[in-house]
Every structure is written in C-alpha cells, then in structure tokens.
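Hi,

Here is the structure I promised to pass on.

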Amino acid sequence: MTAPRKILTVFGTRPEAIKLFPLIHALERDERFVSRVCVSGQHRGMLDQVLEIASVAPDHDLDLMQPDQTLDALTARLLTGIGQVLDRDRPDVVVVQGDTATAMAGALAAYYRKIPVAHVEAGLRSGDIHHPWPEEVNRKVIGSFAALHFAPTATAAEALRCENVDPAAIHVTGNTVIDALHWITDRIADEPSLANDLVPLEQRFAGRRIIGMTSHRRENFGQGMEAIAAAVARLAARPDIAVIFPVHLNPNVRAVMNERLAGLDNVALIEPLDYPHFARLLDIAHLMLTDSGGVQEEAPALGKPVLVMRETTERPEGVEAGTAKLVGTDADCIVAETERLLDDPAAYDAMAHAHNPFGDGQATQRIVELLAL
Ligand code: UD1
Ligand code: UDP
C-alpha cells in the first residue's frame with residue numbers, strides 16, 4: 001500500500017478560504033491524503049469568519065496581517081513565514097488558490113524547495129498587468145512553474161496553453177466557489193438561523209429593490225473609489241431601491257465609503273458579512289454592483305445580474321454568457337447601466353436567465369482525483 005500523500009493547503013484571505021474549504025473538507029475525508037492547512041493570516045477578521053463557519057482548524061497560523069499593509073512588506077513576511085512552515089512540514093504537494101499575495105508567496109516558497117505546486121483557479125487572465133493589480137502578475141508567476149493547473153473553464157485552460165504551459169498539466173475542473181455556495185446554501189436550509197441577521201434591514205427596505213454591493217480593488221483606490229461612491233449616492237436618490245453594502249475592512253475603502261455614503265437613508269453601510277449572510281444577501285438582491293472576483297462567479301448561480309465596476313475582467317466567460325457586464329469606474333456609466341437594469345425588464349431578464357459558466361458544483365471532486373494520481 002502506498003503512503004498517503006501529504007498535502008499542505010496554503011491561503012490567507014477571505015476568497016481563498018471560501019474557495020478552498022470544500023477541498024480541505026474532501027481531503028480530510030479521504031484516506032489517500034494527509035491534509036495539513038497553513039493560513040498566513042493575510043486577512044484576520046475576514047479569514048476567521050470563513051474558518052469558523054467551515055470548521056477549518058489550521059495546523060499553522062502565521063497571523064501576519066498588519067493594518068494598511070504594503071505589498072512588498074506583506075510579501076516578504078509571507079515568503080519567510082511560509083518557507084519556515086514548509087521546512088518543518090515537508091509536504092509532498094502545496095495547494096494554493098487564485099492570485100493573492102499569499103498564493104504567490106506560498107507557491108514561490110514551495111518552488112524554492114522543489115515541492116510541486118497545485119494551483120486552484122489557474123489561468124485567469126485579463127491581459128493587463130495593472131488591472132487587476134497586483135493579481136494579474138501574481139497568477140502569472142504561479143502559472144509559470146505550477147505542476148498542476150486546475151483551470152475553472154476552457155477559456156482559462158486555453159490561456160495557459162497560450163503561455164506554453166504543458167497541456168498535460170492543465171485540467172478543466174470548474175470553480176470550487178460553486179461547490180462552496182452549494183455547501184453554504186444547504187447549511188442555511190438546515191439551519192436558517194445561520195443567516196437571520198439581515199432581517200431588520202430587509203424590513204427597513206421592504207418594497208424597495210435591493211442592490212447588493214461590494215468594492216475593494218487596490219487599482220480602484222483614489223479616483224475609482226470616489227467615482228463608485230458618487231454613483232451609489234446618485235442611485236440612492238431613487239425611492240424604489242436600497243443599497244446593502246458590507247464594507248471591506250481595508251481602511252482605504254472604508255475612509256471613502258464612510259465619508260461619501262454614511263447618512264444616506266437607503267444605503268446600509270455594514271460590516272463584512274460572514275459567508276451565510278453574504279449568501280443571503282445574494283439571495284435577496286435584485287442585482288449586484290461589485291468589483292469582486294468571487295461575486296462575479298457566485299451571483300449568476302443564484303440568477304442575479306452582476307455589474308462589474310472594473311475596466312477589465314479576467315472572467316470574460318460571465319460577460320460572454322451574459323451574466324455580467326463591465327461598467328468600469330466612471331460614475332455616469334455605473335448609474336446608466338444600473339438604471340437600465342432597474343427600468344428595462346427585458347434587459348434584466350436576459351442577464352438573470354443567462355447560464356452560469358463558472359462550474360457545476362463538482363470541481364472539488366475532480367481536483368481530489370487529480371491530486372491522487
Ligand atoms: C486582498 C488580495 C486581493 C483579494 C482581496 C479579497 C492581495 C495583494 N490582495 O486584498 O487579491 O481580492 O484580498 O478581499 O493579496 N484588513 C483588515 N482585516 C481583514 C482584512 C483586511 O483589517 O480581515 C485590512 C488591513 O488593514 C489590511 C488591509 O485591509 O492591511 C489590506 O488587506 P490586504 O490583504 O493586503 O489587501 P486586500 O485589499 O484585502
Ligand atoms: N463575501 C463575504 N462577505 C462579504 C463580502 C463577500 O463572505 O461581506 C464573500 C463572497 O461570497 C465571495 C468572496 O467573499 O465568495 C469574495 O471575496 P472578495 O470580494 O473579498 O475578493 P475577490 O473575490 O475579489 O478576490
């Protein structure tokens with residue numbers, strides 16, 4: 001009998017935790033593997049929210065978040081900290097997800113030790129190294145040496161082949177975010193009290209259509225965020241809508257949004273929601289206004305149109321399928337496109353009924369089988 005394969009999953013932020021907990025659950029259940037978990041703590045509060053609901057207990061927690069951290073100091077701490085964990089744990093494979101600083105540094109630390117890297121959500125490309133920044137470069141770095149590339153879609157797989165990645169190392173799996181969404185939806189169905197806290201807001205905004213909103217991208221800081229806030233303030237003048245906006249803990253986001261939007265009657269600026277409550281927000285929202293990556297993938301699974309407040313997207317499948325539309329960071333454009341969806345039922349229905357291209361909820365199982373080979 002062969003020895004179980006030792007997999008170390010390394011992550012540090014909210015979206016990585018959401019997209020990796022289904023895989024961690026599956027590895028823990030499977031005797032072909034010994035599963036170990038290292039969290040960097042790049043995010044603290046927003047990471048812990050996910051660890052708690054998904055019952056993931058890390059074997060290593062580097063706890064390295066600092067307020068308003070810079071990319072270079074963060075990356076230096078990550079490389080050193082994760083490197084030390086790898087020296088102690090000596091895994092057979094390191095799993096990373098996506099394109100954060102933790103994913104890039106975790107992969108690089110493994111490469112420096114000649115440990116094979118498996119990359120979940122491989123092959124996303126916007127083609128512009130400044131949008132999203134620095135994520136486009138982070139994922140290209142990982143893609144340049146990963147041993148296994150788990151591409152969520154055929155488009156992502158093709159992007160990797162175009163960069164001369166060995167086709168035998170590329171596998172189209174779907175995105176694990178859909179597996180995570182199914183898991184949380186089932187949990188809420190079993191235990192509705194997990195997602196009850198929005199009820200007072202739902203009552204306050206009864207009769208209005210809810211716009212769910214998130215915004216956090218570094219490349220939007222400054223002018224972009226100001227324009228996004230201005231657009232929301234203009235939309236909030238409509239009596240038939242209300243905006244529910246869980247504000248990211250990044251102080252650069254909070255400063256602008258609090259200054260521009262606090263005090264508006266039908267805008268609720270609230271703390272980051274845990275995953276069950278965010279799933280509930282997706283459910284009650286009429287549409288989502290966001291610059292998030294994950295929300296572009298999740299919202300269509302619940303039939304909610306997504307207006308993407310970015311200049312480019314590395315998830316063109318959503319735009320092509322009609323589930324998402326790029327509206328940039330110009331206030332006029334954001335307002336016009338949102339009002340079109342609010343006022344033109346045919347435009348709304350076309351987006352709400354488009355097919356979600358990001359996965360079927362089986363990505364985790366495909367990845368597990370590939371890791372076992
Ligand atoms: C990071 C990722 C980004 C991802 C996003 C998801 C990088 C370079 N960026 O961006 O790809 O889309 O997470 O949300 O990896 N903070 C807290 N508590 C938290 C989380 C953040 O206080 O739980 C504050 C801290 O002041 C921290 C700052 O936010 O320094 C920025 O966090 P950081 O992880 O560096 O960047 P994000 O913008 O969150
Ligand atoms: N999310 C959450 N609570 C919130 C906002 C978002 O749980 O208040 C979840 C959301 O469901 C999605 C993920 O966080 O799965 C997206 O994370 P984020 O937008 O921070 O990062 P990105 O996906 O842009 O990297």
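Start with helix α1 (residues 14-29) and helix α7 (residues 176-190): their axes cross at roughly 80° and come within 7 Å. Angles of 65 to 115 degrees count as roughly perpendicular, so that is how α1 and α7 sit relative to each other. On the α1 side the contact uses Ile 18, Lys 19, Phe 21, Pro 22 and His 25, while α7 brings Thr 176, Val 177, Asp 179, Ala 180 and Trp 183. By class, that makes six nonpolar, two polar and two charged residues. Keep in mind that this is a predicted model.

There's another crossing between helix α14 (residues 331-343) and helix α15 (residues 345-352), with an angle of about 95° and axes 5 Å apart. α14 and α15 are therefore roughly perpendicular too. Arg 340, Leu 341 and Asp 343 of α14 meet Pro 345, Ala 347, Tyr 348 and Met 351 of α15. Five of these residues are nonpolar and two are charged, with no polar ones.

Now the ligand. Ligand 1 has 25 residues around it, the closest being His 43, Gln 66, Ala 101, Glu 135 and Arg 218.

- a side-chain N or O atom of Glu 135, at 2.5 Å
- a backbone N or O atom of Gln 66, at 2.6 Å
- a polar side-chain atom of Gln 42, at 2.8 Å

On its own, ligand 1 has 750 Å² of accessible area, and the protein covers 94% of that. Helices α2 (45-54) and α3 (71-89) are the elements giving two or more residues to the shell. The shell splits into 10 nonpolar, 10 polar and five charged residues.

Cheers

Methods. Residues numbered from 1 in each chain as written. Chains lettered and ligands numbered in written order. Predicted model: local features only at pLDDT ≥ 70, side-chain atom pairs only at ≥ 80, totals over all residues. Heavy atoms only, no water. Axes fitted to C-alpha atoms, helices over the stretch in contact; angles between N-to-C directions. Helix = DSSP H or I, 4+ residues; strand = E, 2+ residues; numbered from the N terminus. Parallel < 35°, antiparallel > 145°, perpendicular 65-115°, else oblique. Contact = heavy atoms within 4.5 Å. Nonpolar A, V, L, I, M, F, W, Y, C, P; charged D, E, K, R; others polar. Near = heavy atom within 4 Å. Polar contact = N/O pair within 3.5 Å; in protein donor to acceptor, adjacent residues only side chain to side chain. Areas by Shrake-Rupley, 256 points an atom, 1.4 Å probe, with all protein chains shown as cover.
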